[in-house]
There are 2 protein chains.
Amino acid sequence: MRLLFAVLTCFTAAIHLAADGPFSQKTLDHAAKLRELGLKDTRAYSLVESLTVEVGPRMAGTPADKLAVAWAEKKFREMGFDHVAAEPVPVTHWVRGPEHAWITAPYPQVLHITALGHSIGTPPEGLEAEVFMVPDLATLKKSKAEDVRGKIVFINHRTEKSRDGNTYGKTVPGRAAGAAEAAKLGAVGVVIRSIGTDSHRFAHTGVMRYEEDVKRIPAGAISNPDADMVQAQLERGKPVRIKMKLDCKLLGTVMSANVVGEIKGSALPDEAVIISAHLDSWDLGTGALDDGAGVAITMAAAKLIAEAGVRPKRTVRVILFANEESGLEGSRHYVTTHQDKLQNMIIGVESDFGADVIWRFDTRIDEAYLPVADAIHKALEPLGIARGSNRAFGGPDMTPFRMMGVPVVSLLQDGTDYFDFHHTADDTFDKIDPKKMAQNVAAYAVFAFLAAESPDGFGRIPVTAGSP
Amino acid sequence: MRLLFAVLTCFTAAIHLAADGPFSQKTLDHAAKLRELGLKDTRAYSLVESLTVEVGPRMAGTPADKLAVAWAEKKFREMGFDHVAAEPVPVTHWVRGPEHAWITAPYPQVLHITALGHSIGTPPEGLEAEVFMVPDLATLKKSKAEDVRGKIVFINHRTEKSRDGNTYGKTVPGRAAGAAEAAKLGAVGVVIRSIGTDSHRFAHTGVMRYEEDVKRIPAGAISNPDADMVQAQLERGKPVRIKMKLDCKLLGTVMSANVVGEIKGSALPDEAVIISAHLDSWDLGTGALDDGAGVAITMAAAKLIAEAGVRPKRTVRVILFANEESGLEGSRHYVTTHQDKLQNMIIGVESDFGADVIWRFDTRIDEAYLPVADAIHKALEPLGIARGSNRAFGGPDMTPFRMMGVPVVSLLQDGTDYFDFHHTADDTFDKIDPKKMAQNVAAYAVFAFLAAESPDGFGRIPVTAGSP
């Protein structure tokens with residue numbers, strides 16, 4: 001069934017692409033207009049200000065998460081979206097309590113720590129043990145149980161800056177799997193050097209995973225300067241002891257929602273281009289960059305299309321996903337509950353990398369449709385956006401879609417500074433530059449409009465193993 | 001007595017200055033050698049690493065303050081200083097406990113707060129009241145009691161960046177006197193926008209003062225992003241309420257010490273050039289910039305002079321003062337207890353503005369001796385240091401000396417970023433650039449050596465009103 005569909009769409013595409021190009025001059029002129037209007041946008045900046053001030057941190061399952069859902073529905077309605085819905089999603093509810101850590105020997109010092117998402121807490125009196133330092137997760141895996149047993153493992157990996165964020169992927173396994181690997185060797189706790197590129201006293205949270213049948217031990221991250229301190233004390237050759245008190249716990253499953261707002265298509269309203277973000281945030285900051293920015297950019301871009309005078313033939317659907325942060329729960333649920341309509345989702349993208357300028361346009365589409373993507377790129381190019389590869393990631397919440405064959409694109413933002421703030425108390429509104437944000441709105445409006453006007457969509461991509 | 005002395009020294013100076021210049025070529029060559037050696041210095045960087053790692057935060061009166069005194073004595077002795085002493089000083093002991101604040105209405109949010117030094121605490125259950133915002137202290141003073149009564153005053157002044165730090169002086173009165181002025185109008189608490197130039201979630205502490213016969217109310221600072229949040233909520237036109245819990249208190253007077261290390265002069269050992277810093281720090285960071293850097297720079301500069309092969313004729317005295325942060329208690333005590341020897345202190349300087357490069361050399365000396373200062377400047381100029389005015393501040397701990405007529409200089413550091421970190425948890429070792437620090441060591445060594453070799457010192461400056 002899927003194969004047949006792919007063959008048919010390839011054939012149709014071939015017909016259309018025989019002409020001058022996939023888009024009429026009138027369509028391209030309107031895209032240019034959207035681009036210019038987008039660069040003047042102030043709505044996205046106002047939206048993220050509103051979300052961060054009036055809702056603030058909105059971790060999945062918390063009362064503020066519900067406030068955020070209500071906020072998004074209200075904003076979509078106020079902005080006149082054609083269809084607005086909050087689609088219920090069960091989410092994991094984990095809560096953070098007070099958290100403290102200290103070096104107790106040889107030179108007592110306070111450490112700035114934060115629990116990793118889904119970590120268990122320590123006993124109320126705290127957990128104190130000698131530190132066993134490893135440079136990374138790979139070294140931990142090769143360590144001997146006799147060296148690790150009874151200790152707090154300190155994973156001292158360092159995250160370097162990069163424009164495309166690839167360096168994050170190198171250290172994040174230490175955050176995700178550090179506790180399980182340390183526990184297998186008998187450790188009593190894990191502390192990681194924050195997955196962050198700043199040199200400030202902000203500990204970076206982020207989700208971790210326990211393994212079935214492996215003892216659960218508490219896991220926290222300390223800021224880069226604090227990690228330097230632990231390292232400096234260890235370099236003096238004396239045993240270093242850490243005491244940590246983490247009062248966090250999983251509370252089970254509660255209800256949240258994916259919030260959807262649509263600008264209906266003029267000719268093919270059942271077919272949709274998805275531009276998305278996630279509505280939840282971590283609890284430490286106000287979730288301005290992660291992902292208030294994405295929420296605001298996608299809402300503002302769709303609204304811009306709605307008010308600019310030309311309805312594209314397909315629907316532009318903004319989806320604000322629930323609980324991206326600790327397991328892509330909203331997007332997985334969306335794909336599962338809308339499986340029968342995935343064929344109508346012609347392409348998707350998520351904005352979830354802050355608010356810096358977009359510098360590259362990647363795609364992951366059926367190769368037969370690359371000329372359409374290249375034509376879209378021509379309309380993005382005046383924004384300073386280069387044409388990238390056809391191996392787009394699409395954004396975290398596009399993963400379940402991608403796995404089911406839905407084509408995706410990435411409008412890659414400059415992520416050089418993103419991991420300075422990511423998952424910290426310092427992810428606040430003041431970090432957003434309104435001019436850069438407007439460039440994002442312009443790019444999303446141009447992309448969504450042209451994708452929705454594409455002759456025949458973008459085909460399908462290979463379905464990958466696993467469930468969404 | 002003082003007048004007679006001034007006349008005599010002026011006369012002597014005039015004689016010496018009639019020659020080719022105040023310094024021999026051999027002396028100037030040695031100064032050039034010190035300059036080159038200083039630029040290669042790594043000792044200062046190691047010293048501040050040691051102080052921050054092995055002692056860490058060292059607020060006056062705390063156990064860590066005593067550790068710092070022991071650390072300084074030990075380092076002076078290890079480095080072979082001729083005379084080392086810890087001279088007891090009574091200091092005010094104030095302690096900080098847990099501190100929390102929230103906006104409770106209209107949009108509940110967590111605020112990052114820190115108590116101002118010497119503030120009283122709130123009741124254990126916290127203090128909650130409506131906010132009354134003023135742009136600065138001057139406006140508060142002109143406000144009506146009926147508007148302020150029963151409220152928490154929010155002083156929303158903003159500290160701008162400046163190379164010479166003059167902007168700090170514009171907002172710091174709000175920190176110092178905000179609580180007293182607010183209490184006069186019936187306020188129940190004060191929150192200030194941090195005296196800081198960063199946009200991070202670090203609240204900046206710093207000392208405040210109560211007035212006799214004015215009710216004492218708790219005073220805290222919130223970070224710039226948190227101040228933005230309070231302001232944004234107020235701009236929505238609804239009453240904003242803040243709840244604050246500050247568990248801090250004054251514990252009375254305990255003993256600390258000024259730690260002195262001397263490189264004895266070859267000809268006039270009783271006459272001394274003072275290069276100084278303060279040993280105490282606030283409790284939030286590890287006091288790397290404020291003032292571990294000054295401690296390290298002055299110790300390393302004096303040691304460099306000692307080991308470079310030429311003893312200057314006068315003594316170079318390093319003084320690491322106790323409790324600069326909450327009242328210049330160490331330097332006041334030093335001047336009081338050494339009043340009979342002030343005439344032998346020919347000039348002084350304090351390094352207390354971080355570890356960035358020195359860019360200007362200011363003096364405050366008898367004008368008859370300006371040619372000597374200009375000759376010293378010529379030796380500093382290759383370090384990129386400009387000649388400034390004869391209205392030097394000298395550093396906070398030079399204030400009591402200056403008031404008693406002791407000439408001072410300022411080796412002005414670039415303070416553009418200093419108030420990003422000042423008095424926060426973020427004042428840590430990683431903020432120091434070893435190359436810039438070495439430039440400081442070079443400048444201090446050149447200055448101290450030549451000042452100690454000056455023909456007849458720098459005269460006296462006018463004694464100012466008040467006690468030290």
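Guide: A salt bridge is taken here as a side-chain nitrogen of Lys or Arg within 4 Å of a carboxyl oxygen of Asp or Glu. The model is a predicted one.

Visitor: How many salt bridges does the rule find across the interface of domain 1 of chain A and domain 2 of chain A?

Guide: One pair to examine is A:Asp420 and A:Lys161, whose side chains meet at 2.9 Å, N to O. Across the interface of domain 1 of chain A and domain 2 of chain A, the number of salt bridges found is 3.

Visitor: Which helix of chain A gives the most to the side of domain 1 of chain A that touches domain 2 of chain A?

Guide: Between domain 1 of chain A and domain 2 of chain A there are 10 residue pairs in polar contact, both residues being at pLDDT 80 or more. On the side of domain 1 of chain A that touches domain 2 of chain A, strand 16 (408-413) and helix 13 (418-421) of chain A each supply at least two residues. The element of chain A that gives the most to this side of domain 1, with 3 residues, is helix 13.

Visitor: What area is buried between domain 1 of chain A and domain 2 of chain A?

Guide: Chain A is divided into domain 1 (21-82 + 264-452) and domain 2 (98-249), and the contact takes 20 residues from domain 1 of chain A and 20 residues from domain 2 of chain A. Carbon and sulfur atoms give 61% of the area buried between these two domains of chain A, and that area is about 1600 Å².

Visitor: Which residues in chain B lose the most area to chain A?

Guide: The area buried between chain B and chain A is about 2100 Å², with 50% of it given by carbon and sulfur atoms. Within chain B, three residues together account for 25% of what that side buries, and those that lose the most area to chain A are B:Val53, B:Arg201 and B:Arg236.

Visitor: How many charged residues has the side of chain B that touches chain A?

Guide: The count between chain B and chain A is 4 salt bridges, and in one of the salt bridges the side chains of B:Glu54 and A:Arg236 meet at 2.7 Å, N to O. Helix 3 (43-54) and helix 8 (224-234) of chain B each supply at least two residues of the side that touches chain A. By class, that side of chain B has 11 nonpolar and 11 polar residues, while its number of charged residues is 8.

Methods:
Residues are numbered from 1 along each chain as its sequence is written. Chains are lettered from A and ligands numbered from 1 in the order in which they are written. This is a predicted model: local features need pLDDT of at least 70, side-chain atom pairs count only at pLDDT 80 or more; totals for chains, interfaces and linings use all residues. Side-chain values use heavy atoms; hydrogens and water are left out. Domain bounds come from an automatic or database domain assignment. Contact means heavy atoms within 4.5 Å. Buried area is the accessible area (1.4 Å probe) that two parts lose on being put together, summed over both. A polar contact is a pair of N or O atoms within 3.5 Å; within protein, one must be able to donate a hydrogen and the other to accept it, and residues adjacent in sequence count only if both atoms are side-chain atoms. Helices (H or I, at least four residues) and strands (E, at least two) are DSSP runs, numbered from the N terminus. Ala, Val, Leu, Ile, Met, Phe, Trp, Tyr, Cys and Pro count as nonpolar, Asp, Glu, Lys and Arg as charged, and the others, Gly among them, as polar.
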